[in-house]
Each structure stands twice: as structure tokens, then as C-alpha cells.
Amino acid sequence: MIKPLSQLQNPITFGFNLTTEEAAGRYGNLVNTMLNDHLGDLTSCRFRHFPQILAPGEVEAWIDCVVQKNKRLNSLTLECIQVVLKASQMFSDTPQTVRLDLQPKIFSNLFYLDLTNYILSGSAASAFEGCTKLKILKLKMVVMEEETIKGILDNCLGLEKLTLIESIGLKKLKVQNPSLRILELRSMFLYEIDVSVENLQIVVLDSIICPERNLKIQALNLRTFCSRNRPSHLRIASNLGQFCFMGTKEIFERCSGLLESHTTNIFRNLLTMVVDLDLNNIREALALSFILRSCLYLEALEIALPEQDSSADYDECALTFPKSMFWERREMYNCINHELKFVTVKGFTGKEQEVKFVKHLITRATMMKKITVFCNSSVMDEATNLLSLPRASVYLSIIFK
């Protein structure tokens, strides 16, 4: 890894003003000397740098140097670090990123590529031409046009893992790479998501803003699904007016056939599910119950309850039975009876529907091995009362944290 030596964490101590052309030249000479004097054949290289200390084309020159000199290089990480040098610069126009103008086929021999905080030019897709070896691609805080990501994915035919984090400039994301196994989308704002990959096995949707009607996922062999909305990311939505995060309920309803019978249920073959869900919200509980009925092989389930109660939003759902009996009905879900082994409930508050759900698992899940409930001390009495219930599984251990 090449970085500005011990000054990486505190650029003020680098010894000269980093924002001047002289500083950029001196720093560039330092890195170039290290690259040229290195005698070994690198297999992995990582650059971390500040945008203020670069001459035009500096990063591209580093990439070209390590790629051309190190024929065995298969892993490359580039990170442009956002930093405020002085308090007076906090609201200035000092650039906090770097635009990359990459050479065609420069990444063609890589197995792993990680880019953080760059602007990709319109011709950036050409850098990925011939990338048949690239298996893992991570783009974080990358500004790019729709045609750029399309060109990148079209060129990376063997891609197996794609991660997009806080990247902007896209309105539509379409993924059809046949070799893709893992798709992670985190803190993304998109108008349309269209994923059609038959052998996709893992999908992570973390704090995604997208109209639910424009979400389409076709993945018949999905094994792991994760849907999260993190409070720390709520600031993203503050400037987006009518837009809000896509919740687990919306994803369940859109991708399971619950609302539209012609929709393929992508959850049928799941083994592991990790979701944010309000068990006290009857609409969300209905969606979960439908998913559980259709998951024939689910072995591990983790549910994180929200910090804020949303149950009032859908209290008017029409039920043919009292709400208090929702989890006490006689329906026996296949995965709960025969496959489900591990359940974790986070944010347990001891409310009626939460207690009923955990009780349902304890008394009906015949293959259950472990139920872990995270709660604070104020509701420990409600939680420990569950320990006295008869257990459907002789292997079951119940843990409260």
C-alpha cells in the first residue's frame, strides 16, 4: 500500500502546503520514485491519497505504472480521501474528489478492483474492455453516468460480485451478468432497479431509495437476502422531498407475488434472511407470514425491529380474526416446522406482537436450535417469561442479551 507515509492521518504535518502545485509535484515525485525503485512483482496494490496533492493525471500515471510493471498484479484499490485541511476550508470549493480519465483495457488483468470517491469520465467503460478475469468490483462514492456503468457491466462478463455504495449520477441500474453471484447496493438513490440473473445467490439492499413500482429482481436461485434501513443514513433522504427509503415490506410485496400473481417469488429457495421489519405493524407482519409460507428451505432468520414504532401506519388492515391471534393461528409453515434452525430478534421491546412471534417459534419450530433475543433490561421480565413455554424442539436454546 502506498500512502503519504505517516502523514496520512494528519496531512497538515506533511511539511508543506498540500494545495500548491509545488506540493503536488513533490508528492508525485515521491510516489513515482517508490514505484520505480520497487523490484518485486506486486500481486496487490492499494493507493490512498488526498485530492489536494495531485497534479493532473497523477492517479492515472500510478495505475499505468503498477499495471505495466507488475504483470502478476490482480488486485487494485484506489481511494481518494475526503479531508478538510483547515476550518476555513470547510465550506470552500476545494475539490474533494478526482476525475479519472483511464486508458483502454487498463484493468483487463485484474481479479479485484475497488474505487472510492472518484468521478469516472464518459469513456471510463473502455478501461474495462477485456476484463474477463475481473470477479469482484466495488464502486463507492463514484460519480458516473448510466452509460458508464452499463458499459462496465457489459465488459465484465465474468463478474461474480458487484458492490455499489453511495454512488451517484445513475437513474437506472440494469444488471444481467450471468456469472454474478453477489449483488450489494448500499445507500443508493435510483429511479429504477432491474436485476435479472438466474444464478444470483446473495442480494443486499441497504438503505435504498427507489420507487417500489420500479423494482424488479429475477433471481430464482437466491440463497441469502438482506434488507436494511440504517438510521445513520436517514440524512440522505432529507433533501429528497417525497422520496423515502424502500422498506422490507415493499420489497417482500414486490418480489414475492404477494400483490401480483404473475411476479416470480425470489424468496422460495432462501437459506438465510436478514431484514429490518416491524413485527407490531400488521401490514409488515402479513408480508413476513407470506414469505415464511413460501420459504421451503429457510434455515436462519434475523429480524431487527425499528427504533420508532410504525404500527399505527397500517392498523386498519382488514383481518378475519383478532389482531392478537395473528401468530396463534393453526397454519403450520413448512420452513418453521422442518428447516428453520436459527432466529435472532434485535430491538425486542416486549410488545404483544413481538412476544406472540417469538412464542410461535418456540412452540412450533420443531427443528429450531437457537433463538437469540436482544433487549434492554426494562423488558427482561417479559422476555424471560418465554423461557417457561413448552418447546417444540428438544435441541432449542433461548438466549437473551
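A polar contact here is a pair of N or O atoms within 3.5 Å; within protein, one must be able to donate a hydrogen and the other to accept it, and residues adjacent in sequence count only if both atoms are side-chain atoms. This is a predicted model, so local features need pLDDT of at least 70 and side-chain atom pairs count only at pLDDT 80 or more, while totals for chains, interfaces and linings use all residues. Residues are numbered from 1 along each chain as its sequence is written, and side-chain values use heavy atoms, with hydrogens and water left out.

**View 1. The cap and length of helix α5.** N281 caps the N-terminal end of α5, with a side-chain oxygen 3.0 Å from the backbone nitrogen of R283. Helices (H or I, at least four residues) and strands (E, at least two) are DSSP runs, numbered from the N terminus. The 13 residues of α5 (residues 282-294) should span 18 Å at 1.5 Å a residue, and the end C-alpha atoms sit 19 Å apart, which agrees. That expected span is 1.5 Å times one less than the number of residues. Buried residues in α5 include I282, A285, L288 and L292; buried means under 20% relative accessible area, exposed over 50%, partly exposed in between (1.4 Å probe, protein chains only).

**View 2. Where α4 meets α5.** The axes of α4 (residues 248-255) and α5 come within 9 Å and cross at roughly 45 degrees. Axes are lines fitted to C-alpha atoms, for helices over the stretch in contact, and angles run from 0 to 180 degrees between N-to-C directions. The pair is therefore oblique: under 35 degrees counts as roughly parallel, over 145 as roughly antiparallel, 65 to 115 as roughly perpendicular and the rest as oblique. On the α4 side, K249, F252 and E253 meet R283, E284, A287, L288 and I291 of α5, contact meaning heavy atoms within 4.5 Å.

**View 3. S75 in strand β2.** S75 belongs to β2 (residues 75-80) and, at 14% relative accessibility, counts as buried. Leaving aside neighbours within four places in sequence, S75 touches T43, S44, C45, L110 and Y112.

**View 4. A383 in helix α8.** A383 lies in α8 (residues 380-384) and is buried, with a relative accessible area of 0%. Skip the neighbours within four places in sequence, and A383 is in contact with F348, C375 and F400. V373 is 10 residues away from A383 in sequence and 8.0 Å away in space, C-alpha to C-alpha.
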